[in-house]
Structure formats: C-alpha cells, structure tokens
Amino acid sequence: MNTSLGTGGISASMINTANELSKEYDVSIFCFLPEGALKNRLNPEVEIINSSWRLEALCLTIGEAK
C-alpha cells in the first residue's frame, strides 16, 4: 500500500522492490492516488489497485482539495 506514486524515497523504493518481485511473483500495489511522477517507472506486470474516491480525498493537499 502506498499513498501515491509521486516523488519521494519511499515511493521510489517501493517501485524498485515491486519491479524486482514482479519478475518471479504476481505483484499488486494499492494506491490512494494512483498517479504521479514515478508511475512510468513501474513495470507493466505490476497491477495498480485504485482506491475509491473517498479514500483519495483523504490524501489530497489543501491546494488540491480547493
């Protein structure tokens, strides 16, 4: 589970780990906001599970919510 695929050390590490694990296992990532700058680095074999809009609203910044 991750809040978004935006920039950041934890998101980048998660993507690197998911990419390596996807070579041998089926890997899915649950994201509150399944968009971001790092999304294009994710292998196509890794499934992204989207949350409902209600959960996405919890992760919005004040500027995004306006």
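**A salt bridge and its surroundings**

Guide: Let us begin with charged side chains: in this predicted model, the count of salt bridges comes to one.

Visitor: Which residue forms a salt bridge with Glu20?

Guide: Side chains of opposite charge can pair when their charged atoms come close. A salt bridge requires a side-chain nitrogen of Lys or Arg within 4 Å of a carboxyl oxygen of Asp or Glu. The closest N and O atoms of the pair that includes Glu20 are 3.1 Å apart, and the partner is Lys23.

Visitor: Is Lys23 buried or exposed?

Guide: A residue is called buried under 20% relative accessible area and exposed over 50%. Lys23 has a relative accessibility of 59%, and therefore it counts as exposed.

Visitor: In what order do the elements of the protein chain run from the N terminus on?

Guide: The secondary structure of the protein chain comes to three helices and three strands. Read from the N terminus on, these elements run β-α-β-β-α-α.

Visitor: What distance separates the end C-alpha atoms of helix H1?

Guide: Helix H1 covers residues 9–21, which is 13 residues, and at 1.5 Å a residue it should span 18 Å. The model agrees with this expectation, because the end C-alpha atoms of H1 are apart by 18 Å.

Visitor: Which residues of H1 are buried, and how wide an arc do they cover around the axis?

Guide: The buried residues in H1 are Ser11, Ala12, Met14, Ile15, Ala18 and Asn19. They lie on the same side of H1, because the arc that they cover around the axis is only 160 degrees.

Visitor: Which exposed residues does the face of H1 turned away from its buried side carry?

Guide: Having looked at the buried side, we can turn to the other face of the helix. The exposed residues carried by the face of H1 that is turned away from its buried side are Gly9 and Ile10.

Visitor: Which backbone nitrogen does the side chain of Asn19 reach?

Guide: Asn19 lies in helix H1, and with a relative accessible area of 11% it is buried. Not counting residues up to four places away in sequence, Asn19 touches Arg41, Leu42, Asn43 and Val46. Its side chain reaches the backbone oxygen of Arg41 at 3.0 Å. The side chain of Asn19 also reaches, at 2.8 Å, the backbone nitrogen of Asn43.

Visitor: Where is Asn43 found, and which side chain does a polar contact of 3.4 Å join to that of Asn43?

Guide: Asn43 is found in the loop between strand E2 (28–33) and strand E3 (47–50), and at 24% relative accessibility it counts as partly exposed. Leaving aside its neighbours within four places in sequence, Asn43 is in contact with Asn19 and Ser22. The polar contact of 3.4 Å joins the side chain of Asn43 to that of Ser22.

Visitor: How far apart in space are the C-alpha atoms of Asn43 and Lys23?

Guide: Lys23, the salt-bridge partner of Glu20, is 20 residues apart from Asn43 in sequence. In space, C-alpha to C-alpha, the distance between Asn43 and Lys23 is 9.5 Å.

Visitor: What separation do the C-alpha atoms of Tyr25 and Glu45 have?

Guide: Tyr25 has its place in the loop between H1 and E2, and it counts as exposed because its relative accessibility is 54%. Tyr25 and Glu45 are 20 residues apart along the chain, while their C-alpha atoms are separated by 9.6 Å.

Definitions and conventions
Residues are numbered from 1 along each chain as its sequence is written. This is a predicted model: local features need pLDDT of at least 70, side-chain atom pairs count only at pLDDT 80 or more; totals for chains, interfaces and linings use all residues. Side-chain values use heavy atoms; hydrogens and water are left out. Helices (H or I, at least four residues) and strands (E, at least two) are DSSP runs, numbered from the N terminus. The expected span of a helix is 1.5 Å times one less than its number of residues. Buried means under 20% relative accessible area, exposed over 50%, partly exposed in between (1.4 Å probe, protein chains only). The arc is that of the directions from the helix axis to the C-beta atoms. Contact means heavy atoms within 4.5 Å. A polar contact is a pair of N or O atoms within 3.5 Å; within protein, one must be able to donate a hydrogen and the other to accept it, and residues adjacent in sequence count only if both atoms are side-chain atoms.
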